[in-house]
Amino acid sequence: GIEIIWFPWKMTEKIGLAEISLKNFKDIVSTFSLIFNGVKYCRKITKKKNIDLFICLWIVPSGLYIFLQNIISLQTPYFLWALGSDVNNYKENLITRFFLRLIIRNSKAVFADGFELCSTIRKISGRECEFLPTFHKINIPENSGKKNNNPGKEISFLYVGRLTYIKGADILAD
């Protein structure tokens with residue numbers, strides 16, 4: 001019963017996003033396509049589905065989409081759930097570290113699936129980060145989303161991330 005919306009982008013032949021090199025022209029085009037279309041489709045879905053809250057697996061690219069979307073026009077709150085590959089890959093570069101910091105600082109909350117990763121996020125952003133393994137239920141603070149003007153109406157949220165069993169999206173939806 002979960003709707004999945006795939007968005008087009010010029011995919012690189014690399015297996016994972018963390019393997020992309022910004023020294024390679026094809027990878028740069030692919031990265032631009034991914035970010036541009038990710039923001040475009042998140043905006044489109046946010047408007048169409050009236051999204052109240054984003055839950056982003058990975059700070060980059062998922063959190064980046066929503067951060068940029070919020071700069072451009074919409075102001076939808078978002079949580080980050082860092083899984084490590086993005087933070088560990090981008091934390092050493094000054095430019096990407098700067099973007100990680102901005103995205104984290106503008107989120108309503110940030111979680112990570114490891115204690116060491118929480119520590120790294122604290123160092124990068126100066127924000128508190130809570131440990132959240134993929135099998136743990138989260139309590140969402142009542143003041144973290146848009147005000148619900150329709151009591152009894154279900155809250156809509158958009159999960160932004162790769163839909164795979166290991167990420168625990170099924171548990172999140174439950």
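This is a predicted model: local features need pLDDT of at least 70, side-chain atom pairs count only at pLDDT 80 or more; totals for chains, interfaces and linings use all residues.

Guide: Asn50 sits in the loop between α1 and β1 (53–57), and its phi is positive, about 55°, although the residue is not a glycine. Most residues other than glycine have a negative phi, and most peptide bonds are trans. A positive phi is also found at Trp58, again a residue other than glycine, where the value is near 80°; Trp58 belongs to the loop between β1 and α2. With a relative accessible area of 13%, Trp58 counts as buried because the cut-off for that class is under 20%.

The peptide bond between Val60 and Pro61 is cis, with omega about 15°, and Pro61 has its place in helix α2, which spans residues 59–72.

Val110, in strand β3 (residues 109–112), is buried, its relative accessible area being 3%. The C-alpha atoms of Val110 and Leu80 are separated by 4.7 Å, although the two residues are 30 apart along the chain. Leaving aside residues up to four places away in sequence, Val110 touches Leu80, Ile104, Ile121, Arg127, Glu128, Cys129 and Glu130.

At the surface, Ile2, Ile4 and Trp6 form a nonpolar patch whose accessible area together is about 420 Å². Trp6 lies in the segment before α1 (25–49) and counts as exposed, at 70% relative accessibility.

Technical notes: Residues are numbered from 1 along each chain as its sequence is written. Side-chain values use heavy atoms; hydrogens and water are left out. Patches are made of residues with over 30% relative accessible area and no salt bridge: like charges are joined within 9 Å, nonpolar side chains (Val, Leu, Ile, Met, Phe, Trp, Tyr) within 5 Å. Accessible areas come from the Shrake-Rupley method with a 1.4 Å probe; for residues, only the protein chains shown count as cover. A salt bridge is a side-chain nitrogen of Lys or Arg within 4 Å of a carboxyl oxygen of Asp or Glu. Helices (H or I, at least four residues) and strands (E, at least two) are DSSP runs, numbered from the N terminus. Buried means under 20% relative accessible area, exposed over 50%, partly exposed in between (1.4 Å probe, protein chains only). Contact means heavy atoms within 4.5 Å.
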